[in-house]
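Let us take a walk through this structure together. Have the sequence and the model at hand, and follow along as each part comes up.

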Amino acid sequence: MKYNIKGKTYTYIADIKDNNPVRLSFDQLSVQTFHLSFEPWYQQGYWDHSCVPHVLMDGDTVVANATVNVLRVRWQNEEKTWLQLGTVMTHPDYRHQGLSRWLMDKIFEEWKGKYDVMFLFANEKVLDFYPKFGFVPASEYQYHTQALTPQSAKIRRLDMDNIADTALLLRKYARSNRFAALTVTAPAGLLMFYCTQFMKTCVYHLEETDVVAVVEHEDGVMTCHDIFGDTRQSLHHILSVLMEKDTRQIKLGFTPKDTSGFTMLPLKTEDLTLFVRKGKQDLFAGNQLMIPTLAHT
């Protein structure tokens, strides 16, 4: 559809994933802006209709975008629909022309009444922009523990290029994270965005407990981003199995239901602030939560 924005005509399109020329133009702008390509994710078949770019085009070129990511989130045994805004970007030649503002207003119009919570992560350059649309900053809290007593068990790193291993990960993901107070139950495509790219070597199958964990080790700090599958073992036992010899500290990428043995600290991420749009569910004001790290877009 054609729209006139400040005297110039643009084409507006939403849900572009199967429109090859538009998707590739969107991807080019993403690489230029964030050094991030979505095309490998698309080619692997993991981009589904829960990731919905909303683009403005000048001719055949995408010049601005704001993406709506539809998440199914479980909190206190209830599943809700959360929308996360991401990949908000404008071509340098088209900035300061109101395109991002127009897209935000369009998203609010099209998604009105279709979600329970809307949130986004903003860098320090745009902290004054999102409050104009009813977003307020929210505090996040992360749970830490010192190194536990290491336990030995059979662990196998999954090969994310192997069909059987990716199928195993997806089966366990469908069982969710039983240890998490706030967990994203769908879509699987967002999980695979991480596990087939940035965290491709961080996915492990614990054979004895039959769970899959996504874990990073760096400079003696182990970050357990998520754990998927049914098990009777405790969270602390699983973490003790996942540790390396030099692990001194463990961080969780999710909020645990049982916080026993953990220290809660304000989460400070470099150059990113969580914003939540004012609404019926102000979860972050009354609870010490964090958005699961594998749900960031």
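Rings of Phe, Tyr and Trp (its six-membered ring) pair here if their centres lie within 6.5 Å; planes under 30 degrees apart count as stacked, over 60 as edge-to-face and the rest as tilted. By this rule there are 25 aromatic pairs. W41 and W47 make one of the stacked pairs, with 5.5 Å from centre to centre and 20 degrees between the planes.

Before going further, please keep in mind that this is a predicted model: local features need pLDDT of at least 70 and side-chain atom pairs count only at pLDDT 80 or more, while totals for chains, interfaces and linings use all residues. Residues are numbered from 1 along each chain as its sequence is written, and side-chain values use heavy atoms, with hydrogens and water left out.

Y42 has 19% relative accessibility, so it counts as buried. You will find Y42 in helix α2 (residues 39-43); helices (H or I, at least four residues) and strands (E, at least two) are DSSP runs, numbered from the N terminus. Not counting residues up to four places away in sequence, Y42 touches K17, D18, N20, R23 and W47, where contact means heavy atoms within 4.5 Å. The C-alpha atoms of Y42 and R178 are separated by 29 Å, and these two residues are 136 residues apart along the chain.

Now for the nonpolar cores. Such a core is a set of buried Ala, Val, Leu, Ile, Met, Phe, Trp, Tyr and Cys residues joined through side-chain atoms within 4.5 Å. The largest one has 49 residues, and W82, L169 and F284 have the most contacts inside it. Helix α5 (residues 188-198) gives the largest share of this core, six residues. A second, separate core of 27 residues includes W102, I107, F108 and L120. As for F284, its contacts, leaving aside neighbours within four places in sequence, are W82, A138, S139, L274, V276, L289 and I291.

Next comes a sheet. Strands of a sheet pair through backbone hydrogen bonds, either parallel or antiparallel. In this model, seven strands form an open sheet with mixed pairing, in the order β9-β11-β12-β13-β14-β8-β15; two strands pair if DSSP finds at least two bridges between them. At the edges stand β9 (155-157) and β15 (263-266), each with a single partner strand, so one side of each has no neighbour in the sheet. On average, neighbouring strands are turned by 35 degrees against each other, direction ignored.

Let us look at β11 within this sheet. β9 and β11 run antiparallel and are joined by three bridges, with R157 and Y204 as bridge partners. β11 also pairs with β12 in the antiparallel sense, over four bridges, and L206 stands opposite V211 in β12. These two strands form a hairpin with four residues between them, and D210 in the turn has a positive phi of about 55 degrees. Both faces of β11 are covered: V203 and H205 on one side and Y204 and L206 on the other are all buried. One step along, β12 (residues 211-218) and β13 (residues 221-228) pair in the antiparallel sense over seven bridges, and C224 in β13 is the bridge partner of V215.

What lies across β9, β11, β12, β13 and β14? Helix α6 (residues 235-242) does, running at about 125 degrees to β13; axes are lines fitted to C-alpha atoms, for helices over the stretch in contact, and angles run from 0 to 180 degrees between N-to-C directions. Six of the eight residues of α6 are buried, so the helix is largely enclosed by the rest of the structure. The buried residues are L235, I238, L239, S240, V241 and L242, and their cover includes β9, β11, β12, β13 and β14.

Methods. Buried < 20%, exposed > 50% of the residue type's maximum accessible area, 1.4 Å probe, protein only.
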